Amino acid sequence: MKNPRIKVNFNRRAQGATRFFQGIIHFRTFLLSICLVSGLTFCASTQRFDQLKKVQEDKALLYVLRPQRQAQSFFSFSIELYKYPGAFKEGGRSLFRNFGLDSGEYKTLELSPGVYSLKCRDFEKVFFAKEGKITFLSIDLYNTGNFSLPELFIQESNQEDALRSLLEGKRMYWIPKEN
């Protein structure tokens, strides 16, 4: 028996969330195209590590590594590379390059031989870029307590440890040159 007082409307407009998308006829196609475009642009900006680059004889090569640490992986750091015109004791450094690194990323830079300084937050590492040589600098995070921000340490790594960081687990992502 049908009760005349109870009226149930089961059309899509009365169901709630779909009322916001009444003007978009092909919402699924629109959502799929946005996902594809954002996925393609994300994949185009980085690539995974394959092999070490060859060093030109009159240049030095610098690898700046940021190994992935699961506990502190969501922190991103701005890194500044300074070049000293002469000796380190003379001072007078100038900004050579500024870039950012997330966890699990690395950057390669071709440098002319000389004294450089890599600065990240409040920690600074001075190193000498030798002609025809590869230098590996690793930015490591360590935790000092349960409710504190991670502390930072920049260390020079040997080739074996750097390759282990680049290849272990998931390969690290390379950040292309900025113009």
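This is a predicted model: local features need pLDDT of at least 70, side-chain atom pairs count only at pLDDT 80 or more; totals for chains, interfaces and linings use all residues.

Residues are numbered from 1 along each chain as its sequence is written, and side-chain values use heavy atoms, with hydrogens and water left out.

Q: What makes F96 and Y116 an edge-to-face pair?
A: The structure holds five aromatic pairs. In the pair of F96 and Y116, the ring centres are 5.8 Å apart and the planes stand at 70°. Rings of Phe, Tyr and Trp (its six-membered ring) pair if their centres lie within 6.5 Å; planes under 30 degrees apart count as stacked, over 60 as edge-to-face and the rest as tilted. The pair is therefore edge-to-face.

Q: Why does the pair of F96 and Y116 tie together parts that are 20 residues apart in sequence?
A: Because F96 belongs to strand 4 (residues 94-101) and Y116 to strand 6 (residues 114-120). Strands here are DSSP runs (E, at least two residues), numbered from the N terminus.

Q: Why does F96 count as partly exposed, and Y116 as buried?
A: F96 has 33% relative accessibility, and Y116 has 0%. Buried means under 20% relative accessible area, exposed over 50%, partly exposed in between (1.4 Å probe, protein chains only). So F96 is partly exposed and Y116 is buried.

Q: Why is the pair of Y116 and F127 called stacked?
A: The planes are at 20° and the ring centres 5.9 Å apart, so this pair is stacked. F127 lies in strand 7 (residues 123-129). Both Y116 and F127 are buried.

Q: What makes D140 buried?
A: The relative accessible area of D140 is 14%, so this residue is buried. D140 is part of strand 8 (residues 134-142).

Q: How do you know that the charged end of R93 sits over the ring of Y82?
A: That charged end is 4.0 Å from the ring centre. The definition asks for NZ of Lys or CZ of Arg within 6 Å of the ring centre and within 35 degrees of the ring normal. K107 likewise has its charged end over the ring of F99, at 5.7 Å from the centre.

Q: What makes strand 3 and strand 6 a pair?
A: Strand 3 (residues 77-83) and strand 6 share five bridges in the antiparallel sense. Two strands pair if DSSP finds at least two bridges between them.

Terms used: Helices (H or I, at least four residues) and strands (E, at least two) are DSSP runs, numbered from the N terminus.
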